[in-house]
Amino acid sequence: QVQLVESGGDLVHPGGSLRLSCRYSGNIWRIWRAGWYRQAPGKQREKVADISDSGVITYAPSVQGRFIISRDSTQNITHLQINRAYPEDTALYLCYGDIAEIGSSWAEDYWGQGTQVTVSS
């Protein structure tokens, strides 16, 4: 069993900053890729950013230069730093991981329940 738990979602003013965290726990052997998606009402789920176990990072064009993803592999935590927040960043932010469990020969995608970010004045 693998669990992902997000935290840090809140109300933030336009132009403000917020830091999201995702803690991975359970029967984890290796996290090949970790990252964040977001889901806004009436919109498709959008990939925000991810980071591989070797440190390769990708960002959605809409957040490039404003968001920063980081990963603490020793504690199995990823963070998403949101800077210069826009109202269109309002969404439920979900973390995910491409994770191989101990004793397994393949990796699967796991998801958290999400943390709400609202950007409004």
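Tyr37, Tyr96 and Trp111 come together in one aromatic cluster. For such contacts, rings of Phe, Tyr and Trp (its six-membered ring) pair if their centres lie within 6.5 Å, and planes under 30 degrees apart count as stacked, over 60 as edge-to-face and the rest as tilted. The structure is a predicted model, in which local features need pLDDT of at least 70 and side-chain atom pairs count only at pLDDT 80 or more, while totals for chains, interfaces and linings use all residues. Residues are numbered from 1 along each chain as its sequence is written, and side-chain values use heavy atoms, with hydrogens and water left out.

Across the whole structure, four aromatic pairs are found. One of them joins Trp29 and Trp32, whose ring centres are 6.2 Å apart with planes at 70°, so this pair is edge-to-face. Trp29 and Trp32 also belong, together with Ile102, to a nonpolar patch on the surface with about 340 Å² of accessible area together. A patch of this kind is made of residues with over 30% relative accessible area and no salt bridge, nonpolar side chains (Val, Leu, Ile, Met, Phe, Trp, Tyr) being joined within 5 Å and like charges within 9 Å; the areas come from the Shrake-Rupley method with a 1.4 Å probe, and for residues only the protein chains shown count as cover. Trp29 is exposed at 52% relative accessible area, whereas Trp32 is partly exposed at 32% (buried means under 20%, exposed over 50% and partly exposed in between, with a 1.4 Å probe and protein chains only). Ile102, exposed at 52%, sits in the loop between strand 9 and strand 10 (107-111). Strands (E, at least two residues) and helices (H or I, at least four) are DSSP runs, numbered from the N terminus.

Rings also meet charges here. Arg45 lies over the face of Trp111, 4.9 Å from the ring centre, and the charged end of Arg66 sits over the ring of Tyr86, 3.8 Å from its centre. The criterion is that NZ of Lys or CZ of Arg is within 6 Å of the ring centre and within 35 degrees of the ring normal.

Six salt bridges are present, each defined by a side-chain nitrogen of Lys or Arg within 4 Å of a carboxyl oxygen of Asp or Glu. Arg66 takes part in one with Asp89 (2.7 Å, N to O). Arg66 lies in the loop between strand 6 (57-59) and strand 7, and Asp89 in the loop between strand 8 and strand 9, so the bridge ties together parts that are 23 residues apart in sequence. Both residues, Arg66 and Asp89, are buried. Through shared partners, salt bridges join Arg38, Glu46, Arg66 and Asp89 into one network. Elsewhere, Asp50 is buried at 0% relative accessibility and forms salt bridges with Arg33, at 3.0 Å between the closest N and O atoms, and with Lys47, at 2.5 Å.

One disulfide is found in the whole structure, between Cys22 and Cys95, with sulfur atoms 2.0 Å apart (the cut-off is within 2.5 Å). Cys22 is buried at 0%, and Cys95 is buried at 0%.
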